[in-house]
Amino acid sequence: MTAERLTGQQIVDAGLDGWGLLNFYGLHRLHARIHTGDFSRGHRVAERIAAAAEERAHEVEIDLRPSRVDVRLCSPSVGGVSSVDVELARQVSAIAADVGAELECRTVSQIELGLDTPDQDRLGPFWAAVYGGDYTDPGECADVVDHGQAMPPIWFQRSGSEEPRQRFHPDIYIDPAQARPRIDAALAAGGTLVSDAAAPTFWVLADPDGNRVCLATWQGGRY
């Protein structure tokens, strides 16, 4: 396979069990969580994943925690996920299976913050300052970004100056298979479905006080 960007459907067709395609800082990436149970086993798993990536001269993002390892894969040079990432994901899955660790994406999500405002230039520099980041030029992945990509990106949604609206709302990116379970759980917890007009790209939900959140997936968009 050539190293070119794959579509979302091509990634689905690859049959990567336990991997989700989520947007993170402007790039769609393969995400998986490996439940290792303890730090020592997690460290060994992380070392093996790093070695596998190094053999392919490919980058991998690894987040090592006391009981789990989170893995993100993408090819920035092609603007998303390539065949190299798919093959490396298969190798990571094999490493997890070899040590008897569960690999899944049910509990994985990424968050962005949207801020309603009629004047983003008035607010952007402030949020960049408290982030220690940049208020970016149009066309970047978001309007305010953290250099270390540890904080969720912020984007500004233009609104009028008079209508009463929620100011901040989170956009939570999840695997498409998790959309319905999360929506059902949110409704059972007292929430409401505000709109599914843009589904499956995103659903708008509100908590019992009317605060809104968007559950988003790669489906229905441009990927």
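1. By class, the lining of the largest pocket comprises 10 nonpolar, 11 polar and seven charged residues. Here Ala, Val, Leu, Ile, Met, Phe, Trp, Tyr, Cys and Pro count as nonpolar, Asp, Glu, Lys and Arg as charged, and the others, Gly among them, as polar. The structure is a predicted model, in which local features need pLDDT of at least 70 and side-chain atom pairs count only at pLDDT 80 or more, while totals for chains, interfaces and linings use all residues. Residues are numbered from 1 along each chain as its sequence is written, and side-chain values use heavy atoms, with hydrogens and water left out.

2. The volume of this largest pocket is about 810 Å³. A pocket is an open set of points on a 1 Å grid over the protein atoms alone, where a 1.4 Å probe fits and protein lies on both sides within 12 Å along at least five of seven lines; lining residues have an atom within 4 Å of a point. A volume is the space filled by probe spheres set on the points, which are joined across faces, edges and corners.

3. There are 28 lining residues in the largest pocket, and Glu 112, Trp 155, Asp 171, Tyr 173 and Phe 202 lie nearest its centre. At least two lining residues come from each of β2 (27–35), β6 (110–117), β9 (154–158), β10 (168–173), β12 (202–206) and β13 (212–216). Strands (E, at least two residues) and helices (H or I, at least four) are DSSP runs numbered from the N terminus.

4. The second largest pocket holds about 330 Å³ of space. Its lining consists of 21 residues, with Phe 24, Asp 63, Arg 72, Ser 109 and Gln 110 nearest the centre. By class, 10 of the lining residues are nonpolar, four polar and seven charged. Strands β2, β3 (61–64), β4 (68–73) and β6 each supply at least two of the lining residues, and β4 contributes the most, with four.

5. The whole structure contains 10 salt bridges, each a side-chain nitrogen of Lys or Arg within 4 Å of a carboxyl oxygen of Asp or Glu. One of them pairs Arg 29 with Glu 61, with 2.4 Å between the closest N and O atoms. Because Arg 29 lies in strand β2 and Glu 61 in strand β3, the pair ties together parts that are 32 residues apart in sequence. Arg 29 is buried, at 4% relative accessible area, whereas Glu 61 is partly exposed, at 27%. Buried means under 20%, exposed over 50% and partly exposed in between (1.4 Å probe, protein chains only).

6. A salt bridge also joins Arg 65 and Asp 63, at 2.9 Å from N to O. Both partners are partly exposed: Arg 65 has a relative accessible area of 37% and Asp 63 one of 28%.

7. Asp 119 and Arg 122 form a salt bridge in which the closest N and O atoms are 3.8 Å apart. Asp 119 is partly exposed, at 32%, while Arg 122 is exposed, at 58%. Elsewhere, salt bridges with shared partners connect Arg 29, Glu 61 and Arg 72 in one network.

8. Asp 85 is buried but has no salt bridge, and the nearest side chain of opposite charge, that of Arg 56, is 9.1 Å away. Lys and Arg count as positive and Asp and Glu as negative, with His and the chain ends not counted. The Asp 85 side chain does reach the backbone nitrogen of Cys 74, at 3.2 Å.

Key. A polar contact is a pair of N or O atoms within 3.5 Å; within protein, one must be able to donate a hydrogen and the other to accept it, and residues adjacent in sequence count only if both atoms are side-chain atoms.
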